[in-house]
Amino acid sequence: MLEYVKLILDKVSFDSGLFEKELRKSMRMLVRSELETLREWCYKHFSGSYTSILDKVFGNVMAA
């Protein structure tokens, strides 16, 4: 499932709203260890353009 989520995020990365929507949706589909891997991958690939979205989404999830 993790590889599927990465593929989707790559495909929707042209639009910030769609990217955030799909990222939030992925939070419900993955287990904790996959979320940590996804977090690292997202920051590596999208920190230049979507840092605020990543901080907002992962800040809420990882704190819980």
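**Labels and what backs them up**

Mentor: Let's start with Glu20: setting aside neighbours within four places in sequence, Glu20 is in contact with Ile53, Lys56 and Val57. Glu20 itself lies in helix H2, and keep in mind that the model is predicted.

Trainee: What makes Glu20 count as buried or exposed?

Mentor: Buried means under 20% relative accessible area. Glu20 has 17% relative accessibility, so Glu20 counts as buried.

Trainee: And Arg24, why is Arg24 called partly exposed?

Mentor: Partly exposed runs between the 20% cut-off for buried and the 50% cut-off for exposed. Arg24 has a relative accessible area of 33%, so Arg24 is partly exposed. Arg24 is also in helix H2.

Trainee: Which residues does Arg24 touch, not counting residues up to four places away in sequence?

Mentor: Arg24 touches Lys56 and Val57, on that count. Arg24 and Val57 are 33 residues apart along the chain, yet their C-alpha atoms are separated by 6.8 Å.

Trainee: Let's move to H1. Which residues of H1 are buried?

Mentor: Those are Leu2, Val5, Lys6, Leu9 and Val12.

Trainee: How do you know where they sit around the axis of H1?

Mentor: They cover an arc of only 140° around the axis, so they are on the same side of H1. Glu3 and Lys11, on the other side of H1, are exposed.

Trainee: What about the largest nonpolar core, how many residues does it have?

Mentor: The largest nonpolar core has 18 residues, and those with the most contacts inside it are Leu9, Phe19, Leu23, Leu38, Cys42 and Phe46. H1, helix H2 (16-29) and H3 are the elements that give two or more residues to this core. H3 provides the largest share of this core, ten residues.

Trainee: Which residues does Leu9 touch, leaving out those up to four places away in sequence?

Mentor: Leu9 touches Phe19, Glu22, Leu23, Leu38, Trp41, Cys42 and Phe46. In soluble globular proteins, nonpolar side chains tend to be buried together.

Trainee: Last one: where in the chain is confidence lowest, and where is it highest?

Mentor: The lowest is in helix H3 (residues 32-63), with a mean of 89, and the highest is in helix H1 (residues 2-12), at 96. The chain averages a pLDDT of 91, and 92% of the residues score at least 70.

Note on methods:
Residues numbered from 1 in each chain as written. Predicted model: local features only at pLDDT ≥ 70, side-chain atom pairs only at ≥ 80, totals over all residues. Heavy atoms only, no water. pLDDT = per-residue confidence, 0-100. Helix = DSSP H or I, 4+ residues; strand = E, 2+ residues; numbered from the N terminus. Buried < 20%, exposed > 50% of the residue type's maximum accessible area, 1.4 Å probe, protein only. Arc of directions from axis to C-beta. Core = buried A, V, L, I, M, F, W, Y, C linked by side-chain atoms within 4.5 Å. Contact = heavy atoms within 4.5 Å.
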